[in-house]
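Colleague: I would like to learn how to read the domains, the sheet and the ligand shell of a model. Could you take me through them in turn?

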Amino acid sequence: MKLEALPSIDGNYQLQSYDKTRDSFSWEQVEKEFSWHRTGRINMAYEAIDRHAEGALKDKIALHYRDNNRSESYTFEEMRQLSNRAGHLLRSTAQVQKGERVFIFMPRSPELYGLFLGALKLGAIVGPLFEAFMEGAVVDRLEDSSARVLITTKELLPRVPVAKLAALDTIVIVGDMPDETYEGVNMISYNAAIQEAPSELQIEWVDREDGMIIHYTSGSTGKPKGVLHVHNAMIQHYVTGKWVLDLNENDTYWCTADPGWVTGTSYGIFAPWLNGATNVVVGGRFKPEDWYKTIEDFNVTVWYSAPTAFRMLMGAGNDIIQQFDLKSLRHILSVGEPLNPEVIRWGKQVFQMRIHDTWWMTETGAMLICNYPCLEMRVGSMGKPLPGIEATIVDDNGVELPANQMGNLAIKRGWPSMMREIWNRPEKYDSYFTANDWYVSGDSAYKDEEGYFWFQGRVDDVIMTSGERVGPFEVESKLVEHPAVAEAGVIGKPDAIRGEIIKAFIALRTGYEASDELIEDIRQHVKKGLAAHAAPREIEFKDKLPKTRSGKIMRRVLKAWELDLPTGDLSTMED
Ligand code: WT7
């Protein structure tokens, strides 16, 4: 549905005219803003931190960090030194070299950011893991990437089955040391070693196409896949930070995402620092009062969050907002799920500002379709492609469709932050692209006559719950490990706050009876094995699940049952 357009807001934005910029755009022009264009010496961490520490922003705050116990600020020069020391620590104790996978599994803290940048300075490929992951999720990722070095904490170490991980030979512990030791595995104390580490470091210069980061993400089938991004992505992180987030050196910016997800790295680390902004990082859980207080206390000017968070804030009521001074805010953005028109209307009412939707994915590495401050907004639309990006709608044969026809949202291959590899699975990587080089996203959408894109849904069974992407296959696999579960089918069920919730249909093994205790026990099993956000909120028992003749559970039929929709073609279903 098309809703009324909001008027453009006035302002001196970095992207002055969308049309003009798009028509005269070239990526090479953006590249030329980086010194490596002349010197050939590339490293993301250098561009994000050291470059500023060597210049006018040396003593400017790069990071404001806060959680329940700590409140600390670091200048660009202090971040440079912190990451240099962390780099030394990794080089001298773990001999980390270019191209090696260094995984970081710990809660947000200044140490996490220092170590992340330090590992990048050695040319390592960083694999960030969300702190809420349980053993099953951790082991899949460390095994697949054959990570040799892991950075974690005493509290999280019990979720790492060290003995099972053949490639792992060094564990760096931040904070108190655990009692455990493992044969053949070096245990390094960050707290002890960082004291000794010098604050100057020889940076490893890399090629623009060298690996930088792996984010694991879920599809509708198979285990999570490792999406590899390279240093070249910085071109797009920088330009989207400038034109979409509208960041400049006077901004204090807050991205609410954890670095375990791509938003928390591309836009929680790279984009803000490449643009010289002050970056706010807040640990701990979501609480409306704390969120507004973060904006007030740090004078946040630009805020990037997710529809599910906005819906929760909306649900908490507008009275709370009156208790805080939010006048520093000048620009708000959203990503992860469709941004509901009512959320935009609420945002206008309480912040006197538009909330700008942005569309992209783990695989795309950076924003591709966005609402820009200078552009008229069509409420409910994801906006228009970033200058330099060619987006379209294709049918299932890869043929482009005309305006207003729904199909697969596709992007012309070759944008700077495009994933370069699915770790260990080259055939999977190729499967994303059509013969004429369209990357097919897995989302369905249409484009209107004016070039605005409108999200319609996922083409596959991937679930987006509270902004987190969950593969039904992973949850189903975990469910069938439970002794009572014979078969399981998992779907996303629409939910007003969370976007979707996870619902599991389960056929029990003989001898087991449905009960509330059993439901809770099954939920706990997934929670403890994968992660809390992957546990089904609803479980329904069925005698039998709908399956194809080849034995594949038909999630589409489960979904139709749940939503009271026609089940469609059942010709492949077994009797
Ligand atoms: C999927 C990617 C990269 C940011 C966080 C999610 C959905 C993302 C939007 C939006 C509607 C959106 C899509 C996409 N999605 N942004 N603005 N409107 N849907 O990254 O976990 O890789 O998930 O999130 O379905 O394919 P992700």
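**Domains, sheet and ligand shell**

Modeller: The centres of domain 1 and domain 2, taken over C-alpha atoms, are separated by 31 Å, the domain bounds coming from an automatic or database domain assignment. This is a predicted model, in which local features need pLDDT of at least 70 and side-chain atom pairs count only at pLDDT 80 or more, while totals for chains, interfaces and linings use all residues. Residues are numbered from 1 along each chain as its sequence is written.

Colleague: How many residues does each domain bring to the contact?

Modeller: Two residues are in contact if their C-beta atoms, placed from the backbone, lie within 7 Å; here domain 1 gives 19 residues and domain 2 gives 15. On the domain 1 side, α7 (135-144) and α12 (307-316) are the elements with two or more residues, helices being DSSP runs of H or I with at least four residues and strands runs of E with at least two, numbered from the N terminus.

Colleague: What is the strand order in the open sheet?

Modeller: Strands pair if DSSP finds at least two bridges between them, and the nine strands run β3-β2-β12-β11-β13-β14-β15-β16-β18, with mixed pairing. Because β3 (71-75) and β18 (384-385) at the edges each have a single partner strand, one side of each lacks a neighbour in the sheet.

Colleague: Which residues are closest to the ligand?

Modeller: A residue counts as near if its C-beta atom, placed from the backbone, lies within 6 Å of the molecule; 21 residues surround the ligand, the closest being W359, M361, T362, F455 and R469.
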